[in-house]
Amino acid sequence: MSVTAAKGFTAAGIAAGIKQNGNPDLALVVNTGPRRAAAGVFTSNRVKAAPVLWSQQVLADGELTAVVLNSGGANACTGPQGFQDTHATAEKVAEVLSAKGAEVGAGDVAVASTGLIGILLPMDKLLPGVEKAAGELSEHGGEKAAIAIKTTDTVHKTSVVTGEGWTVGGMAKGAGMLAPGLATMLVVLTTDADVEAKALDSALRGATRVTFDRVDSDGCMSTNDTVLLLASGASGVTPAQDEFTEAVRAVCDDLARQLIGDAEGASKDIRIEVINAATEDDAVEVGRSIARNNLLKCAIHGEDPNWGRVLSAIGTTRAAFDPDRLNVAINGVWVCRNGSVGEDRELVDMRYREVTVTADLAAGSESAVIWANDLTADYVHENSAYSS
């Protein structure tokens, strides 16, 4: 599983001492080739962490040899020193990999960080940790790498899809600050398909647009969101572009669902499907408005099929609709028809983890699905009792 499922990749995950609790906190993923193609998408937050700014720069040529990721500190809002620390981290990775016989420069290394915003990383622990991780690189190290990037995650998240003679694998972290911004967590995807950077970029953007960009757990966009896709070409197989894009989408979709299932404090996973919209953009806008309605999220936590809160959320959008033609179903029961009372709300069974909200705009033929969570006391506690 994970980032070493594809041929041509090694990985490691170790405890460098960045986290005070001693848990694993540093991961390294290395592309051993023969190809070094890469693509990435990043947060659209205007406040970007130093690792995001660095990785955007090094990806300009469409090539990467390695990705180093740390948990325990976001290295965001840390000024010039934070960027220097990111550069020093990439330099250290290049140094230790070159010592192992590879030809690697700092410009071949992407950096990703996650954790508390506004604190400098302990470089006296991180840099020796890079050397330790390099010494533990393995074709079986994917799971350890996935564990090392966890923060408030309760489980590590991995996924694999296999084509005919080629594979796409991936790992993700994320449990809070999950809101659309092109990418909504730290994710590394790998493939041994022989695919050039331009095709990787197309596949990745097509996949993230309908997966990670449609996860909206708490309406809060991170400063560090990063999704990277690396291709080693080790399989020697070049799949059809649509086939490859679908495999990348399937891995992203699986990881996105795992993120929702592990969201901070959540007791319900909410699948919001907007149908019969005039445009896809309208469907997405309405879905996000519903996903971010705290009153509705509280109602779903209390297993109350309060469809009025769905209508009020729809009404805040710019989407095309007639209020007297709106329909809403909760877990398959059409509790609202034509903007008014529908079937008996007592028919709605909300005892189970997954809740489906369907909003019919009766304005066209487009649709979209957004995933969200309920709002619980546990979420408030996790984000108020301590820094996260």
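A pocket is an open set of points on a 1 Å grid over the protein atoms alone, where a 1.4 Å probe fits and protein lies on both sides within 12 Å along at least five of seven lines. The views below come from a predicted model, in which local features need pLDDT of at least 70, side-chain atom pairs count only at pLDDT 80 or more, and totals for chains, interfaces and linings use all residues. Residues are numbered from 1 along each chain as its sequence is written, and side-chain values use heavy atoms, with hydrogens and water left out.

**View 1. The second largest pocket and its lining.** This pocket holds about 180 Å³ of space. That volume is the space filled by probe spheres set on the grid points, which are joined across faces, edges and corners. Lining residues have an atom within 4 Å of a point. They are Thr10, Val30, Asn31, Thr32, Arg36, Thr65, Leu97, Lys100, Ala102, Glu103, Val104 and Leu137. The lining has 5 nonpolar, 4 polar and 3 charged residues. Here Ala, Val, Leu, Ile, Met, Phe, Trp, Tyr, Cys and Pro count as nonpolar, Asp, Glu, Lys and Arg as charged, and the others, Gly among them, as polar.

**View 2. The cis peptide bond from Gly33 to Pro34.** Its omega is near 20°. Pro34 sits in the loop between strand S2 (26–31) and strand S3 (37–42). Strands (E, at least two residues) and helices (H or I, at least four) are DSSP runs, numbered from the N terminus.

**View 3. Asn276, a non-glycine residue with positive phi.** Phi is about 55°. Asn276 belongs to strand S10 (residues 269–277).

**View 4. Helix H1 (residues 50–58) against H2.** The two axes come within 8 Å and cross at roughly 55°. H1 is therefore oblique to H2. Axes are lines fitted to C-alpha atoms, for helices over the stretch in contact, and angles run from 0 to 180 degrees between N-to-C directions. Angles under 35 degrees count as roughly parallel, over 145 as roughly antiparallel, 65 to 115 as roughly perpendicular and the rest as oblique. The crossing is right-handed, meaning that the near helix is turned clockwise from the far one by less than a right angle. Ala50, Pro51, Leu53, Trp54 and Gln57 of H1 touch Gly82, Phe83, Thr86, His87 and Ala90 of H2. Contact means heavy atoms within 4.5 Å. This set comprises 6 nonpolar, 4 polar and no charged residues.

**View 5. Helix H2 (residues 79–99) packed on helix H3 (residues 123–135).** The axes lie 9 Å apart at an angle of about 25°, so H2 and H3 are roughly parallel. Their crossing is right-handed. From H2, Asp85, Ala88, Thr89, Lys92, Val93 and Val96 meet Met123, Leu126, Leu127, Val130, Glu131 and Ala134 of H3. The contact has 8 nonpolar, 1 polar and 3 charged residues.

**View 6. Helix H7 (residues 280–291) across helix H9 (residues 307–314).** The axes come within 8 Å and cross at roughly 130°. H7 is therefore oblique to H9. The crossing is right-handed. Val286, Ser289 and Ile290 of H7 meet Val310, Ala313 and Ile314 of H9. In this contact, 5 residues are nonpolar, 1 is polar and none is charged.
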